[in-house]
Amino acid sequence: MRVLLYFVLFVLLIAILTVTFHGLYPEFEGRSVDWAQSLLFVIETLTTTGSLITYHSDAMILFATVTMLSGVIMLFMVIPLILTPYLVAVLRSGPARRTPHPLYHHTVIVGNGELSRALVESLSLSEKEILIVEEDEKAARDLAQRHLRRAFVIWGEYDDPQTWEQAWIQNADFVILCENERTTASIILGIRGITRARIISIVDKISFDRYLRYAGAEFVLSPKQVTGRILARHAVLNPSGDTASLIPGLDRLTINGEEFPEKNLRLIHIPVMPESKVVGMNLGGVDLPGKYGVAVPFLWKAGRFIPQPDPSETIDATTSLFLFGRADAVRRAVHEELEVDKAQIGHAVIAGFGDVGSSAYAEMIASGIACVVVDAKKYNVNEVLGNAESEEILNEARIGEARFCIVALNDDNVNIFTTLMARNLNPGIRILARANDPAAVEKLYRAGADYVALLPRIGGQTVGRIVLAGTITILIDLPDGEIVALKQVQHSRGLSVGTVAAKSGVRVLGLECPDRVMVLPPATEHLTDGDAVIVTGTTEQLKKFIRLF
């Protein structure tokens with residue numbers, strides 16, 4: 001429509017100028033001119049190519065000048081502003097409808113958003129190809145530009161069987177669905193008869209679990225539920241909580257000796273309580289490696305993540321330790337050095353009782369911590385009804401006496417302001433906050449949060465554990481971009497710990513062998529077939545580590 005309007009206006013301009021020239025030329029130049037000559041003069045003058053018709057009068061010189069300026073404006077201003085964007089949109093190629101070659105044993109991600117981006121990052125450890133399917137044309141084009149060489153992107157309707165043929169879904173190992181529950185159910189029912197892939201559904205509400213499993217999903221995961229648990233476990237000592245045993249690697253983050261062998265290595269996150277006897281001591285003085293054979297490879301302190309902490313690092317009430325060692329040794333270290341009487345701990349304020357907040361609440365109650373919920377809706381819990389951004393409401397929830405505040409609302413701006421208020425009203429409180437957008441993470445730390453859980457990233461990491469299990473077992477993704485992972489060695493090739501570290505760049509945290517278990521093994525220790533190696537490193541370093549075996 002815009003191009004048609006431009007064309008009509010251009011023709012109208014030529015007609016007006018032609019009629020004007022046909023009338024002016026005989027009057028001021030004293031010579032007759034026919035309509036064809038008039039039209040030719042206007043076109044030649046508009047395009048600034050010059051005309052064979054001569055003129056000498058001031059009036060005709062002015063007319064020719066005005067005509068030339070009209071042509072310049074039309075060619076160099078109107079066309080770029082009006083016509084060029086249209087031509088670019090027409091000529092620009094749309095997103096791909098199919099991949100450039102057949103795919104085998106790949107992972108298909110369905111949907112767009114921060115979660116799909118986090119999934120691509122988590123799955124980049126694997127050498128297997130990734131394909132994203134998106135039914136919105138613009139979103140598909142944006143995805144293709146964003147991921148470029150990291151993943152294929154195709155555009156197609158979810159209810160069109162050809163879309164799934166072009167996604168080579170019959171050859172896929174995994175299909176990960178990041179759409180809403182209704183769309184997800186429809187897709188599962190449409191593809192389950194044409195693929196043997198393991199179907200993973202990411203849902204907003206875990207209550208839809210049984211319906212999607214009935215439709216054909218093997219895994220139904222809620223990032224919100226997982227995020228709530230993680231926030232709670234950064235608040236209290238709960239090293240033997242629910243492990244979600246279907247997800248590989250999570251068993252290594254507990255010390256529940258009834259279910260898992262005591263000799264197996266564990267990586268446990270333990271927040272330090274103000275009443276703990278280690279407060280005020282430095283790591284070297286506590287000497288966990290010497291007393292228990294337990295290492296502290298990383299720690300949190302005042303909202304700052306510290307990899308490879310120095311023995312001189314002082315432990316205070318803002319510190320959270322990552323303990324690495326045998327399950328029985330970690331249990332003894334926690335009991336003798338870090339445990340406190342729960343009656344001394346005090347209560348927690350939970351701002352927001354949605355899926356994240358209710359999951360955190362359940363975890364805190366299971367750990368023996370009293371909770372006061374702040375929410376605008378009424379729930380059957382100990383609650384103060386109102387807005388978490390209200391100082392009056394927070395004071396009614398006794399924020400000044402609380403030991404913890406879990407900020408779990410669905411709005412990042414509200415979470416940031418609630419964090420600011422909680423820190424101001426109680427400078428010594430431990431604040432654990434949820435973020436929905438990566439841009440909010442740093443703001444929450446600046447507002448006073450001790451730990452921030454980015455919901456899409458946690459979702460990507462949880463799914464990554466399942467998809468990558470055949471390649472490597474992910475234990476935990478660290479805030480500095482490194483990953484702690486375990487790999488079973490099938491062909492050791494006589495490599496030593498020092499050689500593995502030198503060739504890949506990873507740091508070897510432990511060895512789990514049939515006849516021995518070692519924490520921070522020396523560089524001279526040699527690997528043997530069947531050993532489990534626990535390492536930490538960046539994605540690129542872990543890729544090199546995987547290729548060694």
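**A buried serine and its surroundings**

Modeller: Ser504 is buried, because its relative accessible area of 3% is under the 20% limit. The model is a predicted one. Ser504 belongs to helix 18, which covers residues 497-504. Setting aside residues up to four places away in sequence, Ser504 touches Gln541, Lys544, Phe545 and Leu548.

Strand 19 is the next element to consider. This strand takes in residues 507-512, and five of its six residues are buried, so the rest of the structure largely encloses it. Strand 19 pairs with strand 21 (residues 532-537) in the antiparallel sense, over five bridges. It also runs antiparallel to strand 20 (residues 517-519), to which three bridges join it. Strand 19 and strand 20 make a hairpin, with four residues between them. Gly510 has a partner in each of these strands: Ile534 in strand 21 and Val519 in strand 20.

Ala440, Val441, Leu444, Tyr445 and Ala447 are its buried residues. Viewed down the axis of helix 16, these residues fall within an arc of 155°, so they line one face of the helix. At the start, a side-chain oxygen of Asp437 comes to within 2.8 Å of the backbone nitrogen of Ala439. Just after the helix, Gly448 has a positive phi of about 125°.

An unreviewed UniProt entry places the feature "domain: RCK N-terminal" at residues 345-454. In the model this span is 38% helix and 24% strand, and its end C-alpha atoms lie 26 Å apart.

Apart from neighbours within four places in sequence, Val286 is in contact with Val278, Met281, Lys291, Ile315 and Glu337. Between Val286 and Ile315 there are 9.4 Å, C-alpha to C-alpha, and the two are 29 residues apart in sequence.

Thr163, in helix 6 (residues 161-166), counts as buried at 3% relative accessibility. Leaving out neighbours within four places in sequence, its contacts are Val133, Ile154, Gly156 and Glu157. Val133 is also a residue of strand 2 and stands opposite Val110. Strand 1 (residues 107-110) and strand 2 (residues 130-134) pair in the parallel sense over four bridges.

These two strands are part of an open sheet of six strands with parallel pairing, in the order 3-2-1-4-5-6. Strand 3 (152-155) and strand 6 (219-221) are at the edges, and each has a single partner strand, so one side of each has no neighbour in the sheet. From one strand to the next the twist averages 20°. Helix 4 (residues 114-123) packs on the sheet and touches strand 1, strand 2, strand 4 (174-177) and strand 5 (198-202). The direction of helix 4 makes about 165° with that of strand 1.

One record-based annotation remains. UniProt, in an unreviewed entry, lists residues 6-25, 37-55 and 61-88 under "transmembrane region". In the model, residues 6-25 are 100% helix and 0% strand, with end C-alpha atoms 28 Å apart. Residues 37-55 are 53% helix and 0% strand, and there the end C-alpha atoms are 13 Å apart.

How values were computed: Residues are numbered from 1 along each chain as its sequence is written. This is a predicted model: local features need pLDDT of at least 70, side-chain atom pairs count only at pLDDT 80 or more; totals for chains, interfaces and linings use all residues. Side-chain values use heavy atoms; hydrogens and water are left out. Buried means under 20% relative accessible area, exposed over 50%, partly exposed in between (1.4 Å probe, protein chains only). Contact means heavy atoms within 4.5 Å. Two strands pair if DSSP finds at least two bridges between them. Axes are lines fitted to C-alpha atoms, for helices over the stretch in contact, and angles run from 0 to 180 degrees between N-to-C directions. UniProt positions are given in the numbering used here, feature names are shortened, and annotations may be inferred rather than shown by experiment. The arc is that of the directions from the helix axis to the C-beta atoms. A polar contact is a pair of N or O atoms within 3.5 Å; within protein, one must be able to donate a hydrogen and the other to accept it, and residues adjacent in sequence count only if both atoms are side-chain atoms.
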